[in-house]
Amino acid sequence: MAADPKGGHAHAPAGASGVNRRSLLGWLSGFGLLGSAVLSAFSNLIFIKPRATYGQPQRFSLGKPEEFPPGTRISMDTRRVCVVREGNKIAAISTTCTHLGCIVGVSDTGFACPCHGSRFDQDGNVTGGPAPKPLPWFKVTLAPNGEIEIDKDSEVDPGSYLTV
Ligand code: FES
């Protein structure tokens with residue numbers, strides 16, 4: 001018996017249909033990948049992006065001045081700000097402790113931090129504890145719709161009130 005010079009059985013060359021099938025499969029999986037990539041990018045844009053949060057907005061409105069009666073000091077922990085109203089003047093003082101960033105609470109004498117005992121007077125000046133700096137005051141304006149608006153990106157001098 002004559003030995004096959006290449007050894008083993010001679011195979012028929014892959015037919016054109018085999019090549020086509022393989023490249024078709026390649027195309028299909030390529031399209032599949034591309035399709036799913038496009039789809040996930042699209043769904044990210046549609047469904048995830050609007051819900052993504054990049055931290056609290058630094059500028060926000062807090063309602064009408066009437067919601068803050070004269071003489072009130074209303075601390076909003078979610079916004080980390082205390083709205084102070086004296087007569088017809090409104091101010092916003094930060095409630096983020098200048099020591100290590102805990103939220104300070106409103107106390108009889110001003111503000112008190114539960115973490116390491118820093119204390120601040122009514123205007124946010126340090127009166128005790130490890131806090132190195134006073135609590136900053138933020139800019140308060142009246143929006144066109146009549147609501148008070150606080151901009152935590154704009155610090156103002158302590159004692160700067162908005163007159164309403
Ligand atoms: S974080 Fe307020 S005293 Fe330390």
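Modeller: A residue is buried if 20 or more other C-beta atoms lie within 10 Å of its own, exposed if 12 or fewer, and partly exposed in between, with C-beta atoms placed from the backbone.

Colleague: What sort of model is this, and how are residues numbered?

Modeller: This is a predicted model, in which local features need pLDDT of at least 70 and side-chain atom pairs count only at pLDDT 80 or more, while totals for chains, interfaces and linings use all residues. Residues are numbered from 1 along each chain as its sequence is written.

Colleague: What is the mean pLDDT of the chain?

Modeller: The mean pLDDT of the protein chain is 83, and 68% of its residues reach 70 or more. pLDDT is the predictor's confidence in each residue, from 0 to 100. Over residues 1–12 it stays under 50, and the model has two contacts beyond four places in sequence for that stretch. Two residues are in contact if their C-beta atoms, placed from the backbone, lie within 7 Å.

Colleague: How many helices and strands are there?

Modeller: The protein chain has one helix and 11 strands. Along the sequence, the pattern is α-β-β-β-β-β-β-β-β-β-β-β. Helices (H or I, at least four residues) and strands (E, at least two) are DSSP runs, numbered from the N terminus.

Colleague: Back to strand 3. Is it enclosed or exposed?

Modeller: Five of the six residues of strand 3 are buried, so the strand is largely enclosed by the rest of the structure. In the protein chain of 164 residues, 16% count as buried.

Colleague: Which strands does strand 3 pair with?

Modeller: Strand 3 pairs in the antiparallel sense with strand 2 (residues 73–76) over four bridges, and with strand 4, also antiparallel, over six bridges. Two strands pair if DSSP finds at least two bridges between them. C82 is the bridge partner of S75, and C82 also has I93 in strand 4 as a bridge partner.

Colleague: And what lies in the turns?

Modeller: Strand 2 and strand 3 form a hairpin with four residues between them, and R80 in that turn has a positive phi of about 55°. The hairpin of strand 3 and strand 4 has two residues between the strands, with G87 in the turn at a positive phi of about 60°.

Colleague: Why does V81 count as buried?

Modeller: V81, which is in strand 3 (residues 81–86), counts as buried because it has 24 C-beta neighbours inside 10 Å. Leaving aside neighbours within four places in sequence, V81 is in contact with M76, A92, S94, T95, F138, I150 and K152. The C-alpha atoms of V81 and S94 are separated by 4.5 Å, although the two residues are 13 apart along the chain.

Colleague: What does V83 touch, with neighbours within four places left aside?

Modeller: V83 is then in contact with L62, F68, I74, I90 and A92.

Colleague: A new topic: what is the order of the open sheet of four strands?

Modeller: The order is 5-6-7-8, with antiparallel pairing. Strand 5 (105–107) and strand 8 (126–128) are the edge strands, each pairing on one side only. Three bridges join strand 5 to strand 6 (residues 110–112), and S107 stands opposite G110 in strand 6.
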